[in-house]
Each structure stands twice: as C-alpha cells, then as structure tokens.
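Subject: Structure handover

Hello,

Here is the structure we talked about. Please open it alongside this message.

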Amino acid sequence: MKKINQLFLLCLMVGLVCACSHFSNRGTIDKPFITSASTNTFSIERVTLSDTATVLDAVVNFRPGWWFQVADSSYIVADGQKYSMTGIEGIATNEHVTVPDSGVVHFTMFFPAIPANVKSIDFTEGFADGYAVRGIDLTGTADDNINLSLVPAEARKPFVDGALPEPVLKYDTTTVNVHLLGYVPEMGDISYMLYTLRGFERPDYATKPDSLGNAQFKFAVAGPAYMRIRGNNNLFLSGGAHLAPGENIDLYVDTHVSGIDNMLTRDGKEWMLPEGYKASYHNGIYGNLDRISGLKGEHMMQLYNGKFADFHMNGNEYTDYVLNLFDALNDSIDSADIPAMAKEMEKVNLQVQLAVAATTSRSILNSNYWNKYGNWGSPIPADSINIELSPENARRFAEKIDFNDQRIYLSQDAGDAISTGFWHRNGINSGIYEGL
C-alpha cells in the first residue's frame, strides 16, 4: 500500500509540473509588450487568440488631416509561419484614411488562428516602407531587458562612482564596431551623428549592417567626441558613446528602444526610457562615464525647445532670466540624489550650456518666436527681436563660467561653445574655449 501511495504522489507531482509548464496563448492580451517597431504611429492595442481566429486591435496616432493606409498584403508571422490578413473592420485596406481632429484612429484586423503554444508574433504590411511591429508578446512575461543577454559581460560592468575621467587630447583615428541588438535585415540602414570639439558632424551616407546587425565606422577626432547611432524612417534608435581618439570599441545598441517608443505613443505616455534600462553599452575608455547615463537626473536648460526665454526680452531681461535659471538648476544638481560623477558631469554640461546661451541668444529667441507663431523657419520681421547683450551682460555670464576647466571637453555640447568672438568683442578672455 505504501508503494502504491508513493507511486500515486509521484504521478500527481509529474502531472502538476506538466500542467504548470504547458502554455496556451488563448485569450486576450491588452497593451501587449512590443520588442521593436518600424514606427510609433501604428501600434497594436490588443490581441485576441482563439481556435478560430487571431484578432489584432490596432491604433494609429497621427497628425489630424493627414492620411495613412493599411495594405491588404498585411500578415502576421508565428514561429516562422506566415498568416495572411482575412479581414478588417473600421477602415478599408489600400485606401487613404484621413486622421480626425483627435489624431487617433482605431480599427481591427483579422487573421487565421495560430497554434496555442506560440509565444510571440510579428505584424508586417509585407514591404520595405510598410508598418512593422515585431515581437508582440503573448505571454505577459517579456520585459525591456529582452536583448540584454546579447551584450558581453565586459560591456556590462557595473558603474563605479568617482571623479570624471581625464579627457584624452590628441589627433587619431577612432574605430567603432556597432552591434545592433535584435536586428533584422528589414530594419535597413544606419548612420551616425558625431559631436566633436569642432561642432556637430553627420555623414551624408548610410551604412547597411550585415544580417546580424554589425557595422563599422572610422573617423579622425582631436579629442573626446560623442557618437549617436541613427536609424532611418523604419527604425528609431537612441544609443551612443563617448569616444577617445585612437581607440577601437564595440558599441552595442538596442533596437528595442523602437518598441519602447511605440508602446509609449500607443499608451499616451510621455517619452522616457524605463528606469534602469540602457539603450546602449560599450567597452571603450569612457564606458564607465556612459554607464551613468541611466542614473543622471535631468537638470539642463532646454535652449532650443521654443519655450526658453521670450523673444520680446532685451539684453538685461534675457541675462536675468538665464542666470536665475542657471542658479536654480545648479542648486537642483547639488540636492539631487544621483552619483557624484553624474553631478560633476551635469555641472560641466550646465556651464557649457550657459556659454551657448550667451553666444547664441538671437538664435534661441528665434526658436521662441517660431514656437509662438507656429511658422518654424520662416523669415522673422526685423523689429520683432531686438536683443543685444552689452559688455556688462557678457561679464555677468562670464562670472559663472570657468573658461579653463578641461572637463568641458567631455561635454556633448562643447563644440557649440566655440563662439569666442562674442567674448573677444566684450573684452573677456575665454581661455581654453579658444582652443576649441
């Protein structure tokens, strides 16, 4: 009898394990996790799976009065198997759909049933520039670190707090080996933006990664630079690295940031990377510096968002406005609960921004004018902006800036601070800013 009871318990335990390990996707998943996407305007709000059909409730967030369309060639992919669209409700396929004043359009797409053990699906219109939403999770367990295991441990070292690293100053060629995490060939080409001591640079060509998402860039720099990897119309990326002259680094950039962007737009949330998530990793000289990127608070002046200052201001009013904001942001950095290195870097960036605010005041107020009247880039009437910073205004700005602080070379905006003519005209020695 004892052996029979033991056998019964063993069978029961095996049955429970099998039951727990058996996955079925049948049911409804609201706001499913999305691994990557070609756009943030088109997304999937809900997936309903049954033995007779797979139903995708979709949403388009777009400019009112503009149009979009969905192709009848659309299909989903489940475990490598293609399932073509069988119907659509709310809009018609292959026809222009004008976006209403709300900026939102909801509709439903129908596909054949997929196996119950499928854990994720992809949606695509089936052509290069079409909508594509990949890795639509059916388990409810996927998270934003979905591609983290693809990053070698060397590039994922924990952040070590301390002083900012010394800037490397020499002229040499730097090589960046880019690895796109979660890349598929349909994502297309990539390029880069480079922030150097000479200012902003961007090549006029794009590079096609290999089938695994690998590409290489080489360029000469004369000091610290910051490289940001750019996708294209079908891929949003947000990764980059501080670079030193002469180094050869591996930079791992996560394509999942396009999925994050898609989900945030779908859910009506402000754009912000999830806490603890990093869009890129690298093994370069400044790897530890860039590991604080996910930890830093935002205490910067938004100089060109169109809401900074007021285009009606005169020189004194503008100077008062900027310096008061600078002092407040400086105090907020001091009181922020962030690593010491982050505080040091943000104070450096804030000083560089102050120099930019002084030397490009008219351009900044142009942005404010265009933001108010909604005609970005159009000619501005000559009498609309009358700012003129006096020598006294310039002196007040200069009192807040250490012109011989070599840490400015680490700032992404260092190249924007080279307008030394402004300081010369006002009798101010701009120190190493001259060397920029």
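Below is what turned up in it, from the whole chain down to single residues.

**Overall**

This is a predicted model. Mean pLDDT for the chain is 90, and 93% of the residues reach 70 or more. One stretch needs care: residues 10-20 stay under 50 in pLDDT. For that stretch the model has zero contacts beyond four places in sequence.

The chain has 436 residues, and 49% of them count as buried. It holds eight helices and 20 strands. Along the principal axes, the C-alpha atoms fill a box of roughly 95 × 60 × 40 Å. Among contacts with a separation of 6 or more, 72% join residues 24 or more positions apart.

Val55 stands opposite Phe110 of strand 10.

How much of helix 2 is covered? Nine of its ten residues are buried. Among them are Val257, Ile260, Met263, Leu264 and Arg266. The buried residues pack against strand 2 (34-37), strand 3 (42-49), strand 4 (54-61) and strand 19. Just after the helix, Gly268 takes a positive phi of about 70°.

His256 deserves a look of its own. This residue sits in the loop between strand 19 (248-254) and helix 2 (257-266). Is His256 buried or exposed? Its relative accessible area is 0%, and the cut-off for buried is under 20%, so His256 counts as buried. A polar atom of its side chain lies 3.5 Å from the backbone oxygen of Ile34. Leaving aside neighbours within four places in sequence, His256 is in contact with Phe33, Ile34, Thr35, Asp144, Ile146, Asn147, Met263 and Tyr277. One of these, Met263, is itself a buried residue of helix 2.

Two pairings are worth checking on screen. Strand 14 (residues 191-196) and strand 17 (residues 225-230) are antiparallel, over five bridges. Tyr195 has Tyr226 of strand 17 as its bridge partner. Strand 17 and strand 18 are also antiparallel, over five bridges. There, Arg228 stands opposite Gly240 in strand 18.

Gly239, Ala241 and Leu243 point one way from the strand. Gly240 and His242 point the other way.

**Nonpolar cores**

In soluble globular proteins, nonpolar side chains tend to be buried together. Here the largest nonpolar core has 54 residues. Which of them touch the most other members? They are Tyr318, Phe397, Trp423 and Tyr433. The elements giving two or more residues to this core are helix 4 (315-335), helix 5 (340-359), helix 6 (361-373), helix 7 (391-398) and helix 8 (420-425). Helix 5 gives the most, with eleven residues.

Not counting residues up to four places away in sequence, Phe397 touches Tyr318, Thr319, Val322, Leu323, Leu354, Ala358, Leu389 and Trp423.

A second, separate core has 33 residues. Ile34, Met109, Ile121 and Val133 are included in it. Ile34 is also the residue whose backbone oxygen lies 3.5 Å from a polar side-chain atom of His256.

Best wishes

Methods: Residues are numbered from 1 along each chain as its sequence is written. This is a predicted model: local features need pLDDT of at least 70, side-chain atom pairs count only at pLDDT 80 or more; totals for chains, interfaces and linings use all residues. Side-chain values use heavy atoms; hydrogens and water are left out. Two strands pair if DSSP finds at least two bridges between them. Helices (H or I, at least four residues) and strands (E, at least two) are DSSP runs, numbered from the N terminus. Buried means under 20% relative accessible area, exposed over 50%, partly exposed in between (1.4 Å probe, protein chains only). A polar contact is a pair of N or O atoms within 3.5 Å; within protein, one must be able to donate a hydrogen and the other to accept it, and residues adjacent in sequence count only if both atoms are side-chain atoms. Contact means heavy atoms within 4.5 Å. A nonpolar core is a set of buried Ala, Val, Leu, Ile, Met, Phe, Trp, Tyr and Cys residues joined through side-chain atoms within 4.5 Å. pLDDT is the predictor's confidence in each residue, from 0 to 100.
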